[in-house]
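Trainee: Please show me how to read the features of this model, one at a time.

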Amino acid sequence: MPRSITIKLQVLHGPNLNLLGTREPAHYGATTLAEIDAELARRARARGAEVRCAQSNIEGELIDLIQRARGWADAIVINPGAYSHTSVGIRDAIDAVAIPAIEVHLSNIYAREAFRHESLTAARCVGVISGFREQSYYLALDAALDHVESTRRSHGQAAQTKPRNRRRG
Ligand code: DQA
């Protein structure tokens, strides 16, 4: 079946991210997950793209969500939370579906405890954005859309999101 032209993004939030807004604001900021999801939807719409957001505290559910993205999503934006540092299963799921993924962290994981410096999942992603609080998600959204557009261009397909305002000069 030919893929539709509108770019579709699956956003996945891992464990404890449902508590954003009250959870360790010094690391994660004060914005709630609902606010982040609403802003992602708004920004996606502004670029003519579609976004679906989901959160789970359960590793297997995140794996199911990654598997279900196959056939729908053109790219995945994922914050695997603590599973970034432990989950071979989520890493394998990203490999299995072969959908380009962008990893997101609200905090700068490299400025924190040593056990957070390694991400098992990041190595299977196109790239990682870490340390910009909720902006990390918005940067990841743009990165994912830009990535899909440039892949489509290189395959000769029309890219279909609205152009971003770019500085001239
Ligand atoms: C996090 C960083 C992880 O180390 C931590 O376990 C999280 C959130 C972040 O967004 O900064 O739950 O992924």
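**Strands and their neighbours**

Mentor: Val 11 has Cys 53 of strand 2 as its bridge partner. Strands (E, at least two residues) and helices (H or I, at least four) are DSSP runs, numbered from the N terminus. This is a predicted model, in which local features need pLDDT of at least 70, side-chain atom pairs count only at pLDDT 80 or more, and totals for chains, interfaces and linings use all residues. Residues are numbered from 1 along each chain as its sequence is written, and side-chain values use heavy atoms, with hydrogens and water left out.

Trainee: How many bridges join strand 1 to strand 2?

Mentor: Two strands pair if DSSP finds at least two bridges between them. Here six bridges join strand 1 to strand 2, and the two run parallel.

Trainee: What order do the strands of the open sheet have?

Mentor: The five strands come in the order 2-1-3-4-5, with parallel pairing. Strand 2 (50–55) and strand 5 (127–130) are the edge strands, each pairing on one side only.

Trainee: Is Gln 10 buried or exposed?

Mentor: Buried means under 20% relative accessible area, exposed over 50%, and partly exposed in between (1.4 Å probe, protein chains only). Gln 10 has 8%, so it counts as buried. Gln 10 is part of strand 1 (residues 8–13).

Trainee: Which residues does Gln 10 touch beyond four places away in sequence?

Mentor: Contact means heavy atoms within 4.5 Å. Gln 10 touches several such residues, including Cys 53, Ala 69 and Trp 72. Ala 69 is 59 residues from Gln 10 in sequence, yet their C-alpha atoms are 6.7 Å apart.
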